[in-house]
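User: Could you take me through the pockets in this model, and then the sheet?
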Amino acid sequence: MAYSAPEPMSNSSTERLLERHPLLCRLTPEQVQRIAASGDVEEFDLGEVIVEEGSPSEALFLVLSGACDVFKNGQWLASLHAGDFFGEMALVEPAPRSATVRGREPSFVFRLPYFALQNMLADDPSAFNAVLVTVVKVLSDRLRRANQTLTSGGELAEWLAGSLV
C-alpha cells in the first residue's frame, strides 16, 4: 500500500498516515495521536543515509512513503517500502545499529525515539503490546524468508555439485 506524504506535514495528516501504517493500525486513534506527538516526520533524498551501521539505535522508523535500501558491511540486503519499518530493536534496548539504511528514492519516514517507546510501555502497555506483537510477526516472516533463501541456496549448491560429477 503506497502512502503519499503531504507537504507541509501537519499533525492531522501525520496521524492519518500513522493510523494506516501496518505497525500501528491496531491502535486506537488516541494512541496513534500520542505516538504522532512523540515523534517526527523526516524527509530523505535518494542515497541519503537515514541510519548508519554501528551508530546508536535511539529510534524506531516507520516508512511512510518512498523506499529505502538496507546495507550490511556495504552489501545490499533488502529494500523497504511504505508500510515497512526498521530499527525495531529500539523497542528492546538502545544498541548499535546492525545495518545502514539509505533512501532509495525520496522518502518520508516517521522517527519514534527510544524514550517515547519506553514511555509507551509505562503509560500504555496495551499499545506497546499491540506494536510488539506486530513487530514479532514481521520479524518471524523475515526470518522465514531468510531461512527459505538459505535452504534454496543449499539445494542449488547440492544440485550444482551433483551435476559436476
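User: Which elements each supply at least two residues of the lining of the largest pocket?
Analyst: In this predicted model, those elements are β4 (67-72), β5 (75-81), β6 (85-86) and α4 (125-164). The most comes from α4, which gives five residues to that lining.

User: And what is the volume of the largest pocket?
Analyst: Its volume is about 720 Å³. The lining has 25 residues, and those closest to the pocket centre are V70, F86, E88, S98 and R142.

User: How do the lining residues divide into nonpolar, polar and charged?
Analyst: For the largest pocket, 15 are nonpolar, four are polar and six are charged.

User: What about the second largest pocket, what volume does that have?
Analyst: The second largest pocket has a volume of about 170 Å³. Two or more lining residues come from each of α2 (29-38) and α3 (114-123). The lining includes Q31, R34, M120 and D123. By type, this lining divides into five nonpolar, three polar and three charged residues.

User: Now the sheet. In what order do the four strands come?
Analyst: The order is β2-β7-β4-β5, in an open sheet with antiparallel pairing. At the edges are β2 (49-51) and β5, each of which pairs on one side only. From one strand to the next, the twist averages 30 degrees.

User: How many bridges link β4 and β5?
Analyst: These two strands pair over six bridges, in the antiparallel sense.

User: Which residue in β5 stands opposite V70?
Analyst: That residue is A78. V70 is also one of the residues closest to the centre of the largest pocket.

How values were computed. Residues are numbered from 1 along each chain as its sequence is written. This is a predicted model: local features need pLDDT of at least 70, side-chain atom pairs count only at pLDDT 80 or more; totals for chains, interfaces and linings use all residues. Side-chain values use heavy atoms; hydrogens and water are left out. On a 1 Å grid over the protein atoms alone, a cavity is a set of points where a 1.4 Å probe fits but cannot get out, and a pocket is an open set with protein on both sides within 12 Å along at least five of seven lines; lining residues have an atom within 4 Å of a point. Grid points are joined across faces, edges and corners, and a volume is the space filled by probe spheres set on the points. Ala, Val, Leu, Ile, Met, Phe, Trp, Tyr, Cys and Pro count as nonpolar, Asp, Glu, Lys and Arg as charged, and the others, Gly among them, as polar. Two strands pair if DSSP finds at least two bridges between them. Axes are lines fitted to C-alpha atoms, for helices over the stretch in contact, and angles run from 0 to 180 degrees between N-to-C directions.
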